[in-house]
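Trainee: I would like a close look at a single part of this structure. Please take me through it slowly, one residue at a time.

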Amino acid sequence: MNVTVRETDQYERLKGYCFLCCQTYYVMISSFLSEPEKKIVAAHELEHIVLHKQELKLAPMKDSVLYNMTSKTEYEANLYAANILITDQDVETLSQDPDLNYFSMCSSLNVSPELMSFKLYSLARRGYSYHMPMEIDSGFLAK
């Protein structure tokens with residue numbers, strides 16, 4: 001499988017998109033994003049290539065909002081990005097530090113609270129006993 005990743009300033013409102021052309025998958029990431037956001041978008045778009053190949057044969061997948069939960073494919077892409085960018089071991093190690101709260105844990109890992117919520121949800125689904133932070137409205141995770 002051939003995958004090409006590029007930054008683009010062509011579509012300012014889009015965070016990223018991916019498409020298939022001539023047997024090569026392309027991932028385009030907005031140059032207007034911060035470096036941490038670019039990593040999230042790259043991991044998100046990679047998931048589309050891994051799990052949603054059939055859909056990509058029909059049309060590009062475009063994302064204008066991070067953590068968009070409008071469809072099953074976007075939901076899966078967000079979970080996948082969280083699992084790629086945040087290791088289970090990192091969460092385990094940082095959760096042992098009584099001086100860290102949820103937001104300082106996110107800061108230590110250089111991830112957004114929203115992405116961390118996806119990771120914690122993923123861990124909970126796999127039987128780990130981490131709790132969602134009460135300060136964040138994580139209702140958007142329910143599916």
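Mentor: What follows is a walk from the whole chain to one group of paired charges, and then to the helices around it. Keep in mind that this is a predicted model.

Start with the outline. The chain holds six helices and four strands. Read from the N terminus, the order is β-β-β-α-α-β-α-α-α-α. Of the 143 residues, 41% are buried. Take the contacts with a separation of 6 or more: 53% of them join residues 24 or more positions apart. The chain exposes about 8300 Å², and carbon and sulfur atoms supply 51% of that area.

Now the charges. Side chains of opposite charge can pair when their charged atoms come close. A search of the whole structure finds three salt bridges. Which residue does Asp-88 pair with at 2.5 Å? The partner is Lys-119, with that distance taken between the closest N and O atoms. This pair links distant parts of the chain. Asp-88 sits in helix α4, residues 88-95, while Lys-119 sits in helix α6. They are 31 residues apart.

Asp-88 also forms a salt bridge with Arg-126. Here the closest N and O atoms are 2.8 Å apart. This pair, too, links distant parts of the chain: Arg-126 lies in the segment after α6, 38 residues from Asp-88 in helix α4. Shared partners join Asp-88, Lys-119 and Arg-126 into one network.

Lys-119 has a relative accessible area of 1%, so Lys-119 is buried. Asp-88 has 24% relative accessibility, so Asp-88 counts as partly exposed. Arg-126 reaches 42%, and is partly exposed as well. The cut-off explains these labels: buried means under 20%, exposed means over 50%, and partly exposed is in between.

Lys-38 has 11% relative accessibility, so Lys-38 counts as buried.

Go back to α6, the helix that carries Lys-119. Two packed helices are described by the angle between their axes and the distance between the axes. The axes of α3 and α6 come within 8 Å and cross at roughly 90 degrees. That makes α3 roughly perpendicular to α6. Which residues meet where they cross? From α3 come Tyr-75, Asn-78, Leu-79, Ala-81, Ala-82, Asn-83 and Leu-85. From α6 come Leu-115, Phe-118, Lys-119, Tyr-121, Ser-122 and Arg-125. Note Lys-119 in that list. Lys-119 is also a member of the charge network.

Look at Ala-81 in α3. Its relative accessible area is 1%, so Ala-81 is buried. Set aside its neighbours within four places in sequence. Ala-81 is then in contact with Ile-40, Ala-43, His-44 and Leu-115. Leu-115 belongs to α6. Ile-40 is 41 residues away in sequence, yet the C-alpha atoms of Ala-81 and Ile-40 are 6.1 Å apart.

Helix α1 covers residues 35-51. One of its residues is Glu-47. Glu-47 has a relative accessible area of 0%, so Glu-47 is buried. Leaving out neighbours within four places, Glu-47 is in contact with His-52, Thr-73, Glu-76, Ala-77 and Tyr-80.

Now compare Leu-51, which is in helix α1 too. Leu-51 has 51% relative accessibility, so Leu-51 counts as exposed. α1 gives the most, with three residues.

Asn-110 is in the loop between α5 and α6. Its phi is near 60 degrees, a positive value in a residue other than glycine. At 53% relative accessibility, Asn-110 counts as exposed.

To recap, Asp-88, Lys-119 and Arg-126 form one network of salt bridges, and α3 crosses α6 at roughly 90 degrees.

Note on methods. Residues numbered from 1 in each chain as written. Predicted model: local features only at pLDDT ≥ 70, side-chain atom pairs only at ≥ 80, totals over all residues. Heavy atoms only, no water. Helix = DSSP H or I, 4+ residues; strand = E, 2+ residues; numbered from the N terminus. Buried < 20%, exposed > 50% of the residue type's maximum accessible area, 1.4 Å probe, protein only. Contact = heavy atoms within 4.5 Å. Areas by Shrake-Rupley, 256 points an atom, 1.4 Å probe, with all protein chains shown as cover. Axes fitted to C-alpha atoms, helices over the stretch in contact; angles between N-to-C directions. Parallel < 35°, antiparallel > 145°, perpendicular 65-115°, else oblique. Salt bridge = Lys/Arg side-chain N within 4 Å of Asp/Glu carboxyl O.
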